[in-house]
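Work through the exercises below with the sequence and the coordinates open beside you. Each task is followed by a solution that goes step by step.

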Protein chains: 2
Amino acid sequence: MNRCEPPSTAIPPMKDLTTENITENVHIVNSQCRDSRLRYLLERIVTHLHEFCHETRLSTEEWEAGIQFLTEIGQISNDLRHEMILLSDTLGVSLLVDSINHPRHEPATEGTVLGPFHTHDAKEKDNGAVLHNDPDATQLLVVCTIRDTDGNYISDVKIDVWEGDSKGFYDVQDPNRTGPDGRGVLRSDEEGNFFFKAIVPVPYPIPMDGPVGKMLQALGRHPNRPGHVHFMLDKPGYDLLITALYPRGDPYESSDPVFGVKESLIVDLSKVTDPAMASKYDVEMNTPLLTYDFVLLTDQQARDLRKQRAVEEMRKQKRNVVWHNGLPVPAAECQ
Amino acid sequence: MNRCEPPSTAIPPMKDLTTENITENVHIVNSQCRDSRLRYLLERIVTHLHEFCHETRLSTEEWEAGIQFLTEIGQISNDLRHEMILLSDTLGVSLLVDSINHPRHEPATEGTVLGPFHTHDAKEKDNGAVLHNDPDATQLLVVCTIRDTDGNYISDVKIDVWEGDSKGFYDVQDPNRTGPDGRGVLRSDEEGNFFFKAIVPVPYPIPMDGPVGKMLQALGRHPNRPGHVHFMLDKPGYDLLITALYPRGDPYESSDPVFGVKESLIVDLSKVTDPAMASKYDVEMNTPLLTYDFVLLTDQQARDLRKQRAVEEMRKQKRNVVWHNGLPVPAAECQ
């Protein structure tokens with residue numbers, strides 16, 4: 001039994017709230033929650049929110065602006081526009097959450113931000129498929145393998161690929177979108193290979209016409225992501241890998257507004273110079289070529305790493321851990 | 001000159017982000033902001049958000065649930081429904097922000113939460129006016145004075161009053177609302193008096209049909225606010241007072257879900273037993289009666305208190321203060 005009962009059913013009455021005891025009173029009321037993990041999350045959320053107000057002496061006008069800002073983010077969002085994810089991305093939260101949930105060690109491929117442009121309507125495509133309907137683009141042949149940390153090929157991995165067009169826009173940014181473009185769902189073959197025809201990626205600005213764009217402007221930050229191709233590699237028994245590959249030399253390589261670039265994900269593009277290869281993949285000679293060898297962790301490897309790092313973090317806080325559905329709760333919560 | 005220039009124009013390139021350096025990298029990028037106050041707010045927001053993820057090992061599913069929760073709060077909001085304020089209220093943030101911005105000392109009247117039901121369309125009404133069009137309600141005569149801390153009457157204060165109906169609903173919760181009801185804007189007379197006919201307030205649940213309601217259910221919290229009448233007292237030169245009065249003995253007096261009750265705001269209702277009074281205020285004998293003497297701080301008194309408490313808070317953090325439009329920024333920011 002991972003859960004623990006709340007400390008007591010006798011909730012002390014609250015009254016006469018002040019700046020001195022409000023935080024304690026909110027914790028008391030929330031301690032009625034019977035889910036120890038949710039209780040822990042709320043305890044930390046309330047503590048951080050209140051500390052923030054105390055430290056900054058947050059003004060009523062700033063509070064109103066914050067309420068308005070967060071409300072507008074919800075209001076501009078829909079099934080195809082995820083402004084709250086963009087906020088999380090631009091504050092470095094998405095990258096951090098990915099790193100915590102999908103820890104990696106050598107030689108496993110590092111993850112990066114999912115971003116706000118993934119959709120669930122991409123079509124299943126055969127290896128060799130062309131992703132984009134974009135006459136202005138420079139075609140890019142992408143040839144990859146997938147292995148485990150022992151070097152064994154992994155077949156039948158579901159590979160979700162998505163990429164913007166030659167103008168720097170994703171299909172979902174087109175108001176007249178009728179269906180997916182620049183997307184596909186592939187499968188790795190018996191020898192862990194998959195390949196497709198993308199386009200040479202270009203840098204593009206994250207959407208600047210919403211509240212997050214206004215925030216970046218107020219902060220003096222540029223909105224330009226270095227060009228990249230997104231990958232999501234999924235197979236039961238292996239830890240989900242959400243990542244992206246960035247061709248080297250992009251002007252925004254070291255100032256990505258969503259903090260997604262990692263050295264190990266920067267790739268040197270080459271060209272198809274072997275006629276046999278051009279024939280095999282049905283591309284013209286000198287077509288730009290991206291090759292990459294992905295390495296997946298198993299679920300067990302990732303779980304062990306996550307647990308180890310959670311224990312290390314709790315030790316830093318001088319707390320022992322109990323586990324609630326695989327997630328940590330301070331042991332003190334149960335005492 | 002309160003502002004200080006950002007530390008340097010040379011932003012070190014970011015790369016190879018990890019759980020260890022992501023926070024520092026976000027701070028580096030945000031340090032481009034030329035507004036020292038906004039830079040300080042962002043530094044604290046990012047630090048708290050990242051600490052929260054580290055401490056809790058926030059799972060991807062929890063992050064997604066949080067993104068979805070906040071997005072839905074924006075989507076259910078409109079001009080008459082302010083779900084984000086309700087979230088702030090139920091986490092104790094609104095009360096805390098009010099206390100920080102409108103500090104009080106004896107004998108000034110304490111403030112409390114504005115709540116999500118204030119509107120800007122209430123009509124100007126004469127003293128003695130009836131607020132509600134509610135045949136089922138028990139009328140309540142409200143007779144108040146307003147003074148400064150030296151006991152001098154304050155005339156011509158704009159008093160915004162709002163209250164739910166006898167079923168516990170505010171007018172804005174009525175989908176067929178055609179205009180304001182249970183609201184009015186009054187003025188204090190030469191002797192600082194104002195009076196009107198409200199109804200005996202009843203407890204009511206905060207809206208439970210949205211994301212905040214779901215949160216309260218998950219936390220095992222009840223939604224019932226003790227009955228009250230809202231007041232906003234505004235006059236140039238005096239510190240804005242947003243408050244509410246709570247008749248004593250309400251079953252939810254000591255477990256208010258938005259942490260709004262303070263001992264000094266609980267009132268004992270009496271009855272109109274003097275025929276001269278009944279005649280003067282045009283009410284029947286034995287009409288329930290609420291009397292209250294409000295005491296306002298001047299702008300200067302409130303400003304001095306705010307500044308003093310900000311300095312005390314920064315001293316706790318072992319930081320010196322510089323002022324930016326009257327709001328504190330750590331002095332280290334300018335060094």
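The exercises that follow concern a predicted model, and they move from the interface between the chains to helix packing, backbone geometry and salt bridges.

**Exercise 1. The interface**

Describe the contact between chain A and chain B by residue count, buried area, polar pairs and contributing elements.

Solution. Begin with the residue count: 79 residues of chain A are in contact with 79 residues of chain B. Next take the area buried between the two chains, which is about 7400 Å², with carbon and sulfur atoms giving 67% of it. Then turn to specific pairs: 6 salt bridges are counted between chain A and chain B, and one between these chains joins the side chains of Arg57(A) and Glu313(B), at 4.0 Å from N to O. With both residues at pLDDT 80 or more, the count of residue pairs in polar contact between the chains is 27. Now assign the side of chain A that touches chain B to its elements: those giving two or more residues include helix 1 (22-30), helix 2 (36-56), helix 3 (60-76), helix 8 (299-316) and strand 13 (327-330) of chain A. Helix 2 of chain A gives the most, with 17 residues.

**Exercise 2. A helix pair**

How are helix 4 and helix 6 of chain B oriented towards each other, roughly parallel or roughly perpendicular?

Solution. Two packed helices are described by the angle between their axes and the distance between the axes. For helix 4 (residues 83-90) and helix 6 (residues 211-218) of chain B, the angle is about 25° and the axes are 9 Å apart. Angles under 35 degrees count as roughly parallel. The two helices of chain B are therefore roughly parallel to each other. To complete the picture, list the residues in contact: helix 4 of chain B contributes Glu83(B), Leu86(B), Leu87(B) and Thr90(B), while helix 6 of chain B contributes Pro211(B), Val212(B), Gly213(B), Met215(B) and Leu216(B). By class these are 6 nonpolar, 2 polar and 1 charged.

**Exercise 3. Backbone geometry**

Which peptide bonds are cis, and what is the phi of Lys318(A)?

Solution. Recall that most residues other than glycine have a negative phi, and most peptide bonds are trans. In chain A, the bond from Glu106(A) to Pro107(A) is cis, with omega near 0°, and Pro107(A) lies in the loop between helix 5 and strand 1 (139-148). In chain B, the bond from Glu106(B) to Pro107(B) is cis, again with omega near 0°, and Pro107(B) sits in the loop between helix 5 (93-101) and strand 1 (139-148). Lys318(A), although not a glycine, has a positive phi of about 55°; its place is the loop between helix 8 and strand 12 (321-324) of chain A.

Key: Residues numbered from 1 in each chain as written. Chains lettered and ligands numbered in written order. Predicted model: local features only at pLDDT ≥ 70, side-chain atom pairs only at ≥ 80, totals over all residues. Heavy atoms only, no water. Contact = heavy atoms within 4.5 Å. Buried area = accessible area lost by both parts, 1.4 Å probe. Polar contact = N/O pair within 3.5 Å; in protein donor to acceptor, adjacent residues only side chain to side chain. Helix = DSSP H or I, 4+ residues; strand = E, 2+ residues; numbered from the N terminus. Axes fitted to C-alpha atoms, helices over the stretch in contact; angles between N-to-C directions. Parallel < 35°, antiparallel > 145°, perpendicular 65-115°, else oblique. Nonpolar A, V, L, I, M, F, W, Y, C, P; charged D, E, K, R; others polar.
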